[in-house]
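My notebook is open and the viewer is loaded. Here is what I looked up, entry by entry.

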Amino acid sequence: MDSGRAGHVLTPVDEAAWNRALVVETLGDNALRIGDFDRAAELFLETADATTSDPVSKANAQIGLGDADRARGKVDQASRWYEAAVHNAASAGYRFGRLRALVPLGHLALHHHSAVRARDAFTEAAALAEELGDSVYQGNAMLGLAECDERDGRTEEARTGYERAHEVFVASRTLTGQAHAAQRLGALYHRMGRADLARDWLVEAARSFGEDNDPVGMVNTLEGLGDILLDVGDPDLAEVQYRAARKIALERGLSLAEAHSTQNLARVAAARGHWPVAEDLFASAIVEYRKVGDLLGLCTALGKRAWVRGHSGRLADALDDRVAAVFAIEQFRAANRDALAQNEYRARFATVYAEALRTAVATGSAERFAVIADGLAGRRLPGLADADVPVDVTDNVFLLQHLVIAANQKWLAMTRGDPASGFQEGISHQERVRRLLGNVAIRSAMPDMAEGAVEDLLAAVYLPPADDGADLIAELPAGCHALQLVRDPVNPELVHRLWRDDHQQCEVDTVELRASCTELLGVLQEDSERRSDLRPGDLLALSALLPEGLRRELATGTVPRLLLMPVGELWLVPWGAVPVGERLLLAQAAEYVVCPSMALQRVLRNRERPRSVDGPVRFWRSPVMRNLHLTALRDDPSWRFEGQRPDHEAKTVLGSGTHTAVVLCHGRLANGPGHYLELDHDSWLVPADVLGPEPPTRLYLITCWGAGVPGQEMTDPVTIATLALARGSAEVLATVGEFGDTPVGDLFAQSVLVPLADATIPASTAIHEASKRFLAQPGAWEWVLRDWAPLLPIGTFAAAVS
């Protein structure tokens, strides 16, 4: 206790009540140790509910209730108890109580939320344990942090962390800690393929758990020993371990462990080739996992049953299980209002998505393929399209993002010697360095908050999954080809594709990319000179992304229109520059548009017919631009631009019924909001600015990185362009890379935009015609791609604006 030092004043505690609380706490702890969790809960509840309980005793009781509920698989209740204990302990200045609650709360976050949130809890716990000089809880926090490393795929860091925690527990003679560290090391070494070391550590763990009379730990260890024996081909001895674990689980009422044991016995049956028995047991395990709400166990059991069904030649049934596993993950992502958790589970269960995609291809199921691929594409943008965004939420996002951009702009001004940098003439070198470092501190402190604000807003509108693949495909535009592409989440050299031709026939397949193509895709994820210097001839390897039949039709001019739906990192491909024939690029061969997902495409198709030009037509050009002027556009009387408003009014005007907006400025990548548009030195447009109810009907962004930025491959591309599309824009032109502020870039942008004064001409037509003229010029194939190729039409094919 440090209530005095922390400024907390505690009400004097009645001695009899205090002693009673101590007795009950001891009895409850003993009940926990022997696995009588119901009795433990009864005892702790007596103190937690008592009006005479002091804050310290109440916090201890709440921790005990959390321990009892956690052991019984009641995750939500356990989490609430631990959180209440953290709050009560903090309000009373009870640091040890807060420490005790943070460690199990971290474990719950790790297994039911995300490693990021768990790491926060364990990091705070480690700091508190060090302050208090508590080596036991220091070891517990180290153990939790090592498990976070293991979850993140940092195997060597996890191994080192487990070993150090084990050393701490040995030094403090803590048997329980030694057992848990040994069990984690055994499981890790098993995954590393070191069965000998895994067995040694698990045997030590079993000995320690036995001495400590820990039923949960003993069950986990017996299961680990069984797993090793099953992997080395000894199902008989494995079954002995699994049945011993099952006996303890049944005796102690460990519902999750019961589900594990059912699945383990199913695995034994499968290893023996007893397929009907294995399938029945996996079915039972699936029911049990659903009952206790264990996502990992459920996905594993569904995947194992799919394997059994596939082995029996029942691929359609196997696909049902694969899709059910994907749905379980997508339901979690939709229910979780945290973007970090949504992305973490997308990465953690990569194998589940990959197996589902492969099975959909093997069975030729375009409908199931569409649903799985759309899950990988992300469901935030289509959710946002139908969501009401509260004003106060968007205002918070706006504030945070603008703080980040202000710091970023100041940094740019300082580093490029701009007069607006705030440095007085003759300022000392030391003072300049100090201010630069201070600004770096601002920039490093703010982005996570801004990113969390907009990401969590979008996480809240993430759509739950639906088995609606047939409808997604039926809503694709008539009279055009459509292609959805996704890289395999486990083996990225594989690309899975769904191609629907203009006769409504669908084909799904998988192509293995050559190293030259995967290397090129890696370059396209960068903001680098390598990407900036690419020329058309450098992209020859990307032709493999398109199905051979589609390439052939494109090359012969029989594909009038192509809708592309590239998933993940494929979004950053400059699709117009993908070769489809001898010195023939996609932008020359056909009209095309790109859309982030089938679900968003369906939303766009079902919107009302875009309105005619009944609102303002706006033009912004940043004075920072050097060579991009669009003079021909501004001098064209058919455009009828209204006078350029002050830059600081841009975000207001863009959300107030503007029909067409042409924005010509620099686009900047930035941690936090992802990117922003630099309207002037001290004026910018950020993604939150287009979250309002009425973005422009037509939005044309002649900028860098307007539609896609590196680092968003795990979910929807969230940018100014895609958010505007989701919120109501009917047509968007924007870039998926750097766009050259050059005379060539200026000429190409003008050739695209000038005909768009006629609102009946879609952006896809303008891009197609401009690309044909542009690439027909002598030497065009030697010009850098950044001067034209990153500019893409985004959305879908729809009725022309009247």
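**Entry: a buried pair**

I started with glutamate 330 and arginine 379, and both are buried. Buried means under 20% relative accessible area, exposed means over 50%, and partly exposed is what lies in between, using a 1.4 Å probe and protein chains only. The two form a salt bridge, with the closest N and O atoms 2.9 Å apart. I noted that this pair links distant parts of the chain: glutamate 330 is in helix α17 (residues 315-335), arginine 379 is in the loop between α20 (366-377) and α21 (380-385), and they are 49 residues apart. A salt bridge here is a side-chain nitrogen of Lys or Arg within 4 Å of a carboxyl oxygen of Asp or Glu. Helices are DSSP runs of H or I with at least four residues, strands are runs of E with at least two, and both are numbered from the N terminus.

**Entry: ground rules**

This is a predicted model, in which local features need pLDDT of at least 70 and side-chain atom pairs count only at pLDDT 80 or more, while totals for chains, interfaces and linings use all residues. Residues are numbered from 1 along each chain as its sequence is written, and side-chain values use heavy atoms, with hydrogens and water left out.

**Entry: the whole protein**

I looked up the overall make-up and got 35 helices and 15 strands. Of the 802 residues, 56% are buried. Next I checked contacts, meaning heavy atoms within 4.5 Å. Among contacts with a separation of 6 or more, 71% come from residues 24 or more positions apart. The protein exposes about 32300 Å², and carbon and sulfur atoms supply 51% of that. Those areas come from the Shrake-Rupley method with a 1.4 Å probe, and for residues only the protein chains shown count as cover.

**Entry: more salt bridges**

How many salt bridges does a search of the whole structure find? I got 47. One of them joins the side chains of arginine 184 and glutamate 150, at 3.0 Å from N to O. Arginine 184 sits in helix α10 (residues 175-191) and glutamate 150 in helix α8 (residues 135-151), so I wrote this down as another link between distant parts of the chain, 34 residues apart. Both of these residues are buried.

Arginine 159 and glutamate 163 also meet in a salt bridge, again 3.0 Å from N to O. They are four residues apart in helix α9 (residues 155-171), which means about one helical turn separates them. Is arginine 159 buried or exposed? It is buried, at a relative accessible area of 19%. Glutamate 163 is partly exposed, at 24%.

I also found a network of salt bridges linking Glu279, Arg305, Arg309, Arg314, Asp317 and Asp321.

**Entry: two helices**

I checked the span of helix α19 (residues 350-363). The expected span is 1.5 Å times one less than the number of residues. For the 14 residues of α19 that should give 20 Å, and the end C-alpha atoms are 20 Å apart, so the two agree. Its buried residues include Ala350, Tyr353, Leu357 and Val361. Glycine 364 follows α19 and has a positive phi, near 70°.

Then I went to helix α33 (residues 720-727), which is mostly covered, as eight of its eight residues are buried. Among them are Ile720, Leu723 and Arg727. Just after α33, glycine 728 takes a positive phi of about 150°.

**Entry: aromatic rings**

The whole structure has 10 aromatic pairs. Rings of Phe, Tyr and Trp (its six-membered ring) pair if their centres lie within 6.5 Å; planes under 30 degrees apart count as stacked, over 60 as edge-to-face, and the rest as tilted. Phenylalanine 96 lies in helix α6 (residues 95-112) and tyrosine 137 in helix α8, so the pair ties together parts 41 residues apart in sequence. Phenylalanine 96 is partly exposed at 30% relative accessibility, whereas tyrosine 137 is buried at 17%.
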